[in-house]
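This briefing looks at the charged side-chain pairs of a predicted model. Please keep the sequence and the structure in view while reading the points that follow the display.

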Amino acid sequence: LLSPQQESALVAHINTLTDRGTPPTNAMVSNFAKDIGGKEPGKNWCSGFVKRWSHVLKSCYLTGLDSDRKKADSIY
């Protein structure tokens with residue numbers, strides 16, 4: 001689907017998003033690949049991509065929103 005240069009650019013974009021605290025979902029990665037490659041990736045493409053680049057990809061867990069902060073931001 002993607003050339004090695006395109007895949008490395010996608011990895012760099014994913015790592016940038018992860019560093020900012022918004023790691024992409026599998027659907028987002030598939031959409032990025034579709035935009036770059038011009039073809040729709042298969043349903044298992046993303047998992048294969050992650051396995052191929054697991055030594056370079058960054059990952060993080062999202063933290064939940066504090067309930068008091070949510071209440072403070074609420075109009076009610």
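A residue counts as buried when its relative accessible area is under 20%, as exposed when that area is over 50%, and as partly exposed in between. Across the whole structure of this predicted model, the search finds 3 salt bridges, which are taken up in turn below.

**The pair R52 and E7**
- The side chains of R52 and E7 meet in a salt bridge, with an N to O distance of 2.9 Å, and this pair links distant parts of the chain, since R52 belongs to helix α3 (residues 45–52) and E7 to helix α1 (residues 4–19), 45 residues apart.
- With a relative accessible area of 41%, R52 is partly exposed, whereas E7, at 10%, is buried because a value under 20% falls in that class.

**The pair D19 and K58**
- A salt bridge also joins the side chains of D19 and K58, where the N to O distance is 3.2 Å; D19 lies in helix α1 and K58 in the loop between α3 and α4 (67–73), so the pair ties together parts that are 39 residues apart in sequence.
- D19 is exposed, having a relative accessible area of 53%, while K58 has a relative accessibility of 42% and therefore counts as partly exposed.

**The pair K34 and E40**
- K34 forms a salt bridge with E40, and the closest N and O atoms of this pair are 3.3 Å apart.
- The relative accessibility of K34 is 37%, so K34 counts as partly exposed, whereas E40, with a relative accessible area of 55%, is exposed.

Definitions and conventions:
Residues are numbered from 1 along each chain as its sequence is written. This is a predicted model: local features need pLDDT of at least 70, side-chain atom pairs count only at pLDDT 80 or more; totals for chains, interfaces and linings use all residues. Side-chain values use heavy atoms; hydrogens and water are left out. A salt bridge is a side-chain nitrogen of Lys or Arg within 4 Å of a carboxyl oxygen of Asp or Glu. Helices (H or I, at least four residues) and strands (E, at least two) are DSSP runs, numbered from the N terminus. Buried means under 20% relative accessible area, exposed over 50%, partly exposed in between (1.4 Å probe, protein chains only).
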